[in-house]
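Here is a short tour to read with the model open beside you. Take it one section at a time, and find each residue as it comes up.

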Amino acid sequence: MSPTVVSASWLPAAVATAEGGEGGFQTPGVANFWWPVVPFDGTGPWVLTRPALVLLISVGLLAWFYLGATRKLSVVPTKSQFLVEGSYNFVRNTIGRDIIGSKDFLQFVPLLMTLFTLILVNNVFGIVPFIQFPTMSRLGIPLVLTVIVYITYHTVAIRRKHGVLPYFKSLVPPGLPGWLKPILFALEFLTYFVIRPLTLALRLFGNMLAGHLMLLVFILGGEYLLLHGDNLFLNASGVLSFVFSIAMTFFELLIEFLQAFIFTLLAALYISDAVSEHH
Amino acid sequence: MYGSIAYLGYGLAAIGPGIGVGLIFAAYINGVARQPEARGMLQTIAFTGMAITEALAILGLVFAFVFQGTNPN
């Protein structure tokens, strides 16, 4: 995944692998996810990549849709208003109220709503024709979202427990024997400060990367079997691979929705841990 | 013929989380079948448990990419 090597030839990696015919089939890999669009200074890391472009498009699309749909609100909802209300209700009630609790969930709903819609649109872009790039398959983007969640839940917890030291003290449940306390504190500290943010970012990233890679394998492999296969059996299995890739695309749609849901759910869960008085 | 044994390791590492996710959803289906009105609450618990179990598999996937080693040829 060395960016300099791939970006030296300005061909997008997927095209290069599909057309590099002489050396036989080249399996799609992590290099396929490096897509520079506008190089700012030639070879360095400062380029506008395809995921960045898709992210900008998704933000514009979300702003346009939500601002446009909420401008003229009516008692009998139109189609777009129904969609807006449905998504908001889902995040507000299923994720926000049920997990954080009805007392102080309302202040976190904007964050959860933003996370959910942004991740959902970006994930679904992975299978929308002509865009077809899951933005979250570049680790940097889910990492930024995770940093936002991380800062939020720690800030809330420190405010609720009135200081950093009481917060650390509250990590260990009361009523434990003294020798167990340091061990449990180390474990809880690792969970709250390292494992939770790490898995939150890596889960979204890994799912999107693996899903898109699987589609690439089926489609590029099917193309190679169909067009470059030696006998009829290989060509037929190429067709089968295409059919399977269509089925996998629908499976991807499910995974994409599920991952957006899970990311928001876990963010809400961490926040609810922070706002709860007892731990 | 050469390759990275890290992918083989990932395949082995995915067995555990696979079984775990299966057990979680089996319990979820059991629970909903016995008490359909508890569906909403169980759903949240099931997905949270799935997310935590799945984290192991995701870590394995990332480590398989990270520790690929170098091609000796």
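Predicted model: local features only at pLDDT ≥ 70, side-chain atom pairs only at ≥ 80, totals over all residues.

## Two loop residues in chain A

Phe130(A) sits in the loop that links α5 (109–124) to α6 (140–160) of chain A. Phi of Phe130(A) is near 75°, which is a positive value in a residue other than glycine. Is this residue, Phe130(A), buried or exposed? Phe130(A) is exposed, because its relative accessible area is 84% and the cut-off for exposed is over 50%.

Further along, His162(A) is found in the loop between α6 and α7 (164–171) of chain A. His162(A) also has a positive phi in a residue other than glycine, here near 60°. With a relative accessible area of 67%, His162(A) counts as exposed.

## Where chain B meets chain A

Now turn to the contact between the chains. Chain A contributes 18 residues to the contact, and chain B contributes 13 residues.

For the two chains, the buried area comes to about 1300 Å², with 84% of it given by carbon and sulfur atoms.

## Charged and polar links

How many salt bridges are there between chain B and chain A? The count is 1 salt bridge. The partners are Arg203(A) and Glu54(B), whose closest N and O atoms are 3.7 Å apart. Sorted by class, the side of chain B that touches chain A has 10 nonpolar residues, 2 polar and 1 charged.

## Annotated spans in chain B

An unreviewed UniProt entry carries the annotation "transmembrane region" for residues 6–29 and 41–67 of chain B. You can compare this record with the model, span by span.

Residues 6–29 of chain B are 96% helix and 0% strand, and the C-alpha atoms at the two ends lie 35 Å apart. For residues 41–67 of chain B, the model gives 96% helix and 0% strand, with 40 Å between the end C-alpha atoms.

Key: Residues numbered from 1 in each chain as written. Chains lettered and ligands numbered in written order. Heavy atoms only, no water. Contact = heavy atoms within 4.5 Å. Buried area = accessible area lost by both parts, 1.4 Å probe. Salt bridge = Lys/Arg side-chain N within 4 Å of Asp/Glu carboxyl O. Nonpolar A, V, L, I, M, F, W, Y, C, P; charged D, E, K, R; others polar. Helix = DSSP H or I, 4+ residues; strand = E, 2+ residues; numbered from the N terminus. Buried < 20%, exposed > 50% of the residue type's maximum accessible area, 1.4 Å probe, protein only. UniProt positions renumbered as here; feature names shortened; annotations may be inferred.
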